[in-house]
Amino acid sequence: MIGALLSATTLLGGLTSSMPPAEQWEVSARAAAGSGVSVSGTGREVLKRRSPLTLNLGVGFRHPQWSWLELCPGIQLEMQGKASFAFRPVLRAYLPTRRPTVHGLVGAPLYVFPFTLHGVEVGFGVAYPLAHHVALTAEASATAFVGGSDLMTGSGLTKLDVAGGIRVSF
Amino acid sequence: MSVAIVAPFTAACGNAECLRDSDCVGDSVCAGGRCSSLTGQGHASSGSDTEGGGPESTTGGDGITSSNTQGPGTGPQSGTGSSGPGSTTGHGDGDGDGDGDGDGDGDGDDGTGTGTGGSANTGASDSGNSDATVTMLTPLVDAVSHPTRTENAGLWAWLWGP
């Protein structure tokens, strides 16, 4: 895990350093683990349980002219229950704060294996810089899954999750 | 409306509570907040019958010379029952009905065959050019996989900065 992160750090650092300065995007890699509460309903009762532990990995891109906005394509892995894989593109909007930085986010998780599940995610987060390139991150999000093969018939699924992790900027 | 707390990540079988299909094991699906089997096979509901036995003769002889021809039981000793139908909303309760079937197991003779060995490779070595990308990345990968003391110090200095 750490080795992969260091590899990505080195590779992406080399790639971005070769870009022209005027068009240099701010690139970061992030990894976080999270869980929370899953809620669903049957019409007669509301069911709750702890959400499976998830691992979120992503790469963020911020254009210098819109540095308050970050596009972060990534993946999400459910590590408990039936292990599953999802694409998770996220758009983050940063507030003009420095330490810690605060942002809101919207995302669209799309589980593709071994079942399908898709929904919309909104939330907010903070990042506390530890050093020149490293920051600790925390995010809270609400995800509404509205379709997919994993849902109960005629029902949806809502997840209220928190995640903590690390971000490395290049 | 009640609120139920579903036990996390247990092997949800039978009529266990669930929120998603992935909360249930096997082919079970989550319907109405309960795991149920589409094929109607609930857990521990596979039926097995031990009934069997041959037919008994009910014809008897008359008088002093009467004799019964009660037949010996030759029925299956154990039947495998197929589980009963279930619904997608309920849990499966299978009732087994035994129907024994005899199966023959035969062993085939080993086949015999002869093969001819392949021809030996001439062992010509590749003379192509090496991939430039691989050539460029190899020192990088080596540096990350097996960093020297200097490279390690450089990486940490870059990460943590002044």
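## Basis of the description

Two residues are in contact if their C-beta atoms, placed from the backbone, lie within 7 Å. The model is predicted: local features need pLDDT of at least 70, side-chain atom pairs count only at pLDDT 80 or more, and totals for chains, interfaces and linings use all residues. Residues are numbered from 1 along each chain as its sequence is written, while chains are lettered from A and ligands numbered from 1 in the order in which they are written.

## Chain A

Among contacts in chain A between residues at least 6 apart in sequence, 50% join residues at least 24 apart. The chain has one helix and 12 strands; these are DSSP runs, with helices being H or I of at least four residues and strands E of at least two, numbered from the N terminus. Along the sequence, the order is α-β-β-β-β-β-β-β-β-β-β-β-β.

Of the 170 residues in chain A, 32% are buried. A buried residue has 20 or more other C-beta atoms within 10 Å of its own, an exposed one has 12 or fewer, and a partly exposed one falls in between, with C-beta atoms placed from the backbone.

## A:Ala163

A:Ala163 lies in strand E12, residues 157-169 of chain A. A:Ala163 counts as buried because 23 C-beta neighbours lie inside 10 Å.

Apart from neighbours within four places in sequence, A:Ala163 contacts A:Ala32, A:Ala33, A:Gly34, A:Asn56 and A:Glu139. A:Gly34 is 129 residues from A:Ala163 along the chain, yet their C-alpha atoms are 3.7 Å apart.

## Chain B

Chain B contains two helices and five strands, in the order β-β-β-β-β-α-α from the N terminus. Of its 162 residues, 15% are buried. For contacts in chain B with a separation of 6 or more, 45% are between residues 24 or more positions apart.
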